[in-house]
Each structure stands twice: as C-alpha cells, then as structure tokens.
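Visitor: I have a few questions about how the terms are applied here. Please answer with the values and the cut-offs.

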Amino acid sequence: MNYVNMENWKCMMYSIKKWIGILLLLPVSAFAQQKETLSLPDIIQKIDSNNILLGSYALKAEAYKYSADAATAWMPPMAGIGTFMTPYPFQKIMDAGDKGSIMLRLEQEIPNRSKLQAKKKYIQSLGNIETATRDITLNDFKAQAKRQYFDWLIALQKIKIIEDNERVLVTMKKIEEVRYPYNQSQLSSVYRAEAEIEKNRNMLLMPQGDIAKAKAYLNSLMNRPGLQEFIIDTTYEPSFTASGVYDTASLAAERKDVLRMNESIRSMQYNIEAMKLEKKPNFRIQFDHMSPLASMMPQAYSIMGMVTIPIAPWSKKMYQSEIKSMQFNIQAMEKERSSMLQETQGMLYGMQAEIQTMQKRIKSMEGKVIPALQRTLDASFLTYQENKLTLTIVLDNWEALNMMQLDLLDEKQKLYQMIVDYEKELFK
C-alpha cells in the first residue's frame with residue numbers, strides 16, 4: 001500500500017512540475033509571437049540608416065575626401081645613375097680627363113601650392129554632389145515607402161469592411177435557413193446568400209496580397225529579409241495642408257535636385273578657378289654629382305632650377321578653351337535650374353488643386369452618400385426581419401453600400417498617392 005501511495009505521489013509531483021513548466025513558458029511564447037510594430041517615421045529612419053544604396057553614396061563622398069587630400073601631395077623625387085661624357089669603346093683617349101665620369105642625378109618637381117589647393121577644393125566639391133545625390137535617392141525611397149505604407153493601411157480597412165460584411169451575410173443566410181422549412185423563403189435565397197458569402201470571402205485575397213507585397217517591399221527598402229514579420233501603426237493617417245504661394249526661392253531651398261545642381265555649378269566654378277591657375281608656373285630642381293673615372297680629375301656637381309612657361313601661345317590655348325567650355329556649361333545649368341523651378345511651381349499648383357478636389361469628393365461620399373445608403377440598408381433589413389421584404393432587395397441595398405464603401409477606400413488610396421507625389425515633387 002505504501003508503494004502504491006509513493007507511486008501516486010510521484011505521478012502527482014510530475015504533473016505539477018509539467019503544468020508549472022507550461023505556465024512559465026506561456027509568457028515567453030506570447031512574447032515570441034508578438035510582432036514588431038513600425039510607424040511610418042520608424043520605417044523611414046531605418047531606410048535612411050540601413051539601405052545599402054544610400055550607404056554607397058556616403059562611401060563615395062568619403063572617397064572624394066581622401067582623393068582631395070591626395071591632390072596636395074608632391075610628385076616623388078627621381079634618382080638616376082649613369083655615365084657622363086664617357087667616350088665610346090675603342091676610342092683613342094688623349095688625356096685622362098677624357099675618360100668621363102659616373103654621374104648621380106637627383107630631381108624633384110616643386111608644384112605651385114595655389115594650384116594644389118584649388119584642385120583639392122574642386123575634388124572636395126565632388127563629394128558634396130554625391131551627398132546631394134544621396135538626398136535625392138532618399139527622397140525617392142521615402143515616397144516609395146509612403147506608397148506601400150498607405151496601400152497597407154487601405155488594405156486593412158478593406159479587410160475590416162469585408163469581415164463586417166460576412167457577419168451580415170451569415171445572419172441573412174441563417175434567417176433564410178430558419179424560414180425555409182416554414183415556406184417563408186425560397187431555397188434559391190439560401191443559395192444566393194451562400195454565394196454572396198463565398199464571393200465576399202474571395203474579395204479578401206486582393207487586400208491580403210497588397211499587404212504581403214507592401215511588407216516585402218518595405219523590408220527590402222530597410223535592408224531586411226523580405227519575409228520578416230512586422231505590423232504597421234494603423235492610427236497614422238496622412239494629412240495635406242495647402243500652401244498659399246510657391247515662390248522659386250523657397251522651392252530652390254527645398255528641392256534636392258536643385259541643391260545637387262547648385263553643387264554641380266559650384267564644383268564647376270572651383271574647376272574654373274583651378275584651370276585659371278594653370279597659367280602659373282611649376283618649378284623643378286635638378287642636382288647632378290659627377291665622380292670622374294680618372295683619379296687625377298676633381299669631383300664636380302651641377303645644380304639646375306627649371307620653370308614651366310604656361311603663357312606660351314601653344315600652351316595657354318588648352319586651359320583657356322577649357323575655361324570657356326565650363327563657363328558655357330554653367331550658364332546652361334543655370335537656365336535649366338530656372339526652367340525646372342518654374343515648371344515645378346506650376347505643377348505644384350495643379351497638384352494642390354487636384355488634391356483639394358479629391359478631398360471634397362471624399363468628404364461628400366463619407367458625409368452624404370454612404371450614410372444615405374446605410375440608412376436604406378438598415379430600413380430594408382428591418383423590413384426584411386419582419387418578413388415583409390425579399391432577400392434579393394436587401395442584398396441589392398447591401399451591395400450598393402458595400403461597393404460605395406470600397407469605392408471610398410479606393411478614392412482615399414488615390415488621395416494618399418496624390419499627397420505622396422506632391423511631397424515628392426516638393427522636396428524632389
């Protein structure tokens with residue numbers, strides 16, 4: 001008997017330990033299943049810091065810094081050794097001094113310091129162009145991220161409407177199934193309700209596909225595995241505030257492509273300054289040491305300083321023509337910049353008007369059309385519950401409301417994309 005009690009005690013303790021282990025693991029399991037929630041600013045911040053393409057621009061800009069430092073370096077000195085005034089073999093030597101010498105030559109080019117500094121400034125400016133290009137790419141990525149984020153938001157709202165519709169349709173089907181045995185409804189009505197339920201469920205596939213696509217796209221922009229799970233902040237809603245006036249000065253300060261063009265113009269101006277300094281001379285010093293082959297001859301040396309003459313007619317044509325070419329390019333870019341700002345100004349006014357028109361349309365659908373359709377459905381459903389109306393009429397009213405609700409979300413999706421395009425154009 002004691003043995004049996006002991007075995008029962010062991011079994012009971014094992015069961016207690018098992019349930020304690022399960023209870024301890026429940027919070028861990030729940031935490032593991034909890035998905036990461038990312039808001040739109042979180043996603044944009046991760047794109048800014050993790051995107052591989054954006055990182056490449058920073059590396060290019062850093063590379064130009066080192067290239068600029070290298071531009072101020074001098075050429076390495078040159079050393080040579082050979083013979084000096086040595087007669088060819090089998091020549092008759094009249095004097096010991098005719099044997100020639102062994103010569104050691106050292107040569108160093110001394111560049112113009114102002115030239116080096118001008119070249120350094122020009123190369124550094126190329127890094128600024130890469131930084132501006134990064135800002136343009138980031139602005140494009142922000143627009144792409146916003147589009148996918150808003151598509152995800154709309155898809156979630158569509159899913160909610162579709163799920164609510166299913167509950168209404170299931171209720172209608174149950175009512176028809178209850179009424180049918182009492183000859184208060186037709187079998188075709190039951191089948192019609194069942195068909196509408198399946199049709200409604202089939203509509204879920206499209207928004208679910210939109211969510212999967214948006215998730216994969218956003219993960220790729222953030223440099224994460226495409227299937228990595230996360231959810232978005234559904235409380236976020238894009239807003240639009242109309243601007244009264246768009247002046248070209250403010251647009252020039254905001255648009256990234258204009259900033260890049262400004263950096264390109266500034267870089268050309270630095271290059272012109274560097275080319276203008278080509279008319280300044282460079283220097284070179286040369287030292288020769290001669291050790292005569294005849295023991296009676298003294299050792300000798302030679303020091304020579306040399307200077308370039310860039311003002312020679314056949315030489316100055318090179319940098320003068322290059323300067324003219326870059327000056328014309330700068331004038332062309334300035335005209336292109338003015339044209340771009342003028343075109344953007346008109347485009348933004350047009351986009352603003354289009355957004356405001358869409359906002360009015362959505363406001364009318366939300367405030368007037370959908371409430372009227374909802375009241376029609378409520379009234380017909382109440383009459384239907386009293387068995388004074390056929391299911392077909394109720395389904396027609398429900399379908400009209402359902403289609404209008406989905407059309408409203410489609411219009412909102414278009415509005416959100418308009419806002420994205422507007423913001424992208426404003427900061428492009």
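Visitor: Which residues does Thr133 touch, not counting residues up to four places away in sequence?

Guide: Thr133 touches Tyr57 and Arg260. Contact means heavy atoms within 4.5 Å. This is a predicted model, where local features need pLDDT of at least 70, side-chain atom pairs count only at pLDDT 80 or more, and totals for chains, interfaces and linings use all residues. Residues are numbered from 1 along each chain as its sequence is written, and side-chain values use heavy atoms, with hydrogens and water left out.

Visitor: Where is Thr133, and is Thr133 buried or exposed?

Guide: Thr133 sits in helix 4. Helices are DSSP runs of H or I with at least four residues, strands are E runs of at least two, and both are numbered from the N terminus. The relative accessibility of Thr133 is 13%. Buried means under 20% relative accessible area, exposed over 50%, partly exposed in between (1.4 Å probe, protein chains only). So Thr133 counts as buried.

Visitor: What makes Leu59 exposed?

Guide: Leu59, in helix 3 (residues 52–71), has a relative accessible area of 62%, so Leu59 is exposed. Leu59 and Thr131 are 72 residues apart in sequence, and their C-alpha atoms are 9.7 Å apart in space.

Visitor: Why does Asp95 count as partly exposed?

Guide: Asp95 has 47% relative accessibility, so Asp95 counts as partly exposed. Asp95 lies in the loop between strand 2 (78–84) and strand 3. Its C-alpha atom is separated by 104 Å from that of Gln208, 113 residues apart along the chain.

Visitor: Why is helix 4 called roughly antiparallel to helix 6?

Guide: The axes of helix 4 (residues 113–179) and helix 6 (residues 205–221) come within 9 Å and cross at roughly 155 degrees. That is why helix 4 is roughly antiparallel to helix 6. Axes are lines fitted to C-alpha atoms, for helices over the stretch in contact, and angles run from 0 to 180 degrees between N-to-C directions. Angles under 35 degrees count as roughly parallel, over 145 as roughly antiparallel, 65 to 115 as roughly perpendicular and the rest as oblique.

Visitor: Which residues make the contact of helix 4 with helix 6?

Guide: Helix 4 contributes residues including Phe141, Tyr149, Trp152 and Ile159. Helix 6 contributes residues including Pro207, Ile211, Tyr217 and Leu221. By class, the contact has 14 nonpolar, three polar and four charged residues. Ala, Val, Leu, Ile, Met, Phe, Trp, Tyr, Cys and Pro count as nonpolar, Asp, Glu, Lys and Arg as charged, and the others, Gly among them, as polar.

Visitor: What makes helix 4 roughly antiparallel to helix 8?

Guide: Helix 4 and helix 8 (residues 256–276) pack at an angle of about 170 degrees, with their axes 9 Å apart. Therefore helix 4 is roughly antiparallel to helix 8. The residues divide into nine nonpolar, six polar and seven charged.

Visitor: What is the order of the strands in the open sheet, and which are the edge strands?

Guide: The order is 2-3-5-6, with antiparallel pairing. Two strands pair if DSSP finds at least two bridges between them. Strand 2 and strand 6 are the edge strands, as each pairs on one side only. The twist averages 20 degrees from one strand to the next.

Visitor: How many bridges join strand 3 and strand 5?

Guide: Strand 3 (residues 101–110) and strand 5 (residues 283–292) pair over ten bridges. Glu107 stands opposite Gln286 there. Strand 5 also pairs with strand 6 (residues 300–307), over eight bridges. Asp288 stands opposite Ser302, and His289 opposite Tyr301.
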